[in-house]
Amino acid sequence: MQQITGQCDCGSVTITIPGTPRRMTDCPCGYCQRTGVRWAYFPKDSVVVTGTTDSYMRGARRLAFHRCASCGVLTHWTAVTVDWENAGVNMRNFDPAVLVDIPIGPPQ
């Protein structure tokens, strides 16, 4: 698997993941629907984020949603109050041509 890198709108934040995901999710929660994200999940230690982000915690405050501190584009989420091995990465920050054949569905 070859690493791929995406970036926010202004390019201040880059996200490198270990390769293309096997599937992406279209989360039905209100926040994800409002922001238009499409998630893929990777072991948190395999996701490399560079640049400055702000974070927002909603609801039960289990997840920190990170966004670029300059342009505000949502980049990823990390678990805060739960011990999850994965992080969620907003795949809309990556080249759509690389993701064209990846199935999209609800979270499992």
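In the hairpin formed by β6 and β7, where five residues lie between the strands, glycine 59 takes a positive phi near 55°. The model is a predicted one, in which local features need pLDDT of at least 70 and side-chain atom pairs count only at pLDDT 80 or more, while totals for chains, interfaces and linings use all residues. Residues are numbered from 1 along each chain as its sequence is written, and side-chain values use heavy atoms, with hydrogens and water left out. The strands named here are DSSP runs of E with at least two residues, numbered from the N terminus, and two strands are said to pair if DSSP finds at least two bridges between them.

**Strand β7 and its partners**

- Strand β6 (residues 53–57) runs antiparallel to β7, and five bridges join the two; within this pairing, serine 55 has histidine 66 of β7 as its bridge partner.
- Strand β8 (residues 74–79) also pairs with β7 in the antiparallel sense, over five bridges, and here the bridge partner of histidine 66 is histidine 76 in β8.
- The hairpin of β7 and β8 has five residues between the strands, and in this hairpin glycine 72 takes a positive phi near 85°.
- Five of the six residues of β7 (residues 63–68) are buried, so this strand is largely enclosed by the rest of the structure; buried means under 20% relative accessible area, exposed means over 50%, and partly exposed lies in between, using a 1.4 Å probe and protein chains only.

**Aspartate 54**

- Aspartate 54 has its place in strand β6, and with a relative accessibility of 36% this residue counts as partly exposed.
- When its neighbours within four places in sequence are left aside, aspartate 54 is in contact with Phe65, His66, Arg67 and Ala69, where contact means heavy atoms within 4.5 Å.
- The C-alpha atoms of aspartate 54 and isoleucine 15 are separated by 15 Å, and the two residues are 39 residues apart along the chain.

**The salt bridge**

- Side chains of opposite charge can pair when their charged atoms come close.
- The structure holds one salt bridge, a term that requires a side-chain nitrogen of Lys or Arg within 4 Å of a carboxyl oxygen of Asp or Glu.
- The side chains of lysine 44 and aspartate 83 meet in a salt bridge, at 4.0 Å from N to O, and this pair links distant parts of the chain, 39 residues apart, with lysine 44 in the loop between β4 (39–43) and β5 (48–50) and aspartate 83 in the loop between β8 and β9 (86–90).
- Lysine 44 counts as partly exposed at 46% relative accessibility, whereas aspartate 83 is exposed, with a relative accessible area of 72%.

Definitions and conventions:
Helix = DSSP H or I, 4+ residues; strand = E, 2+ residues; numbered from the N terminus.
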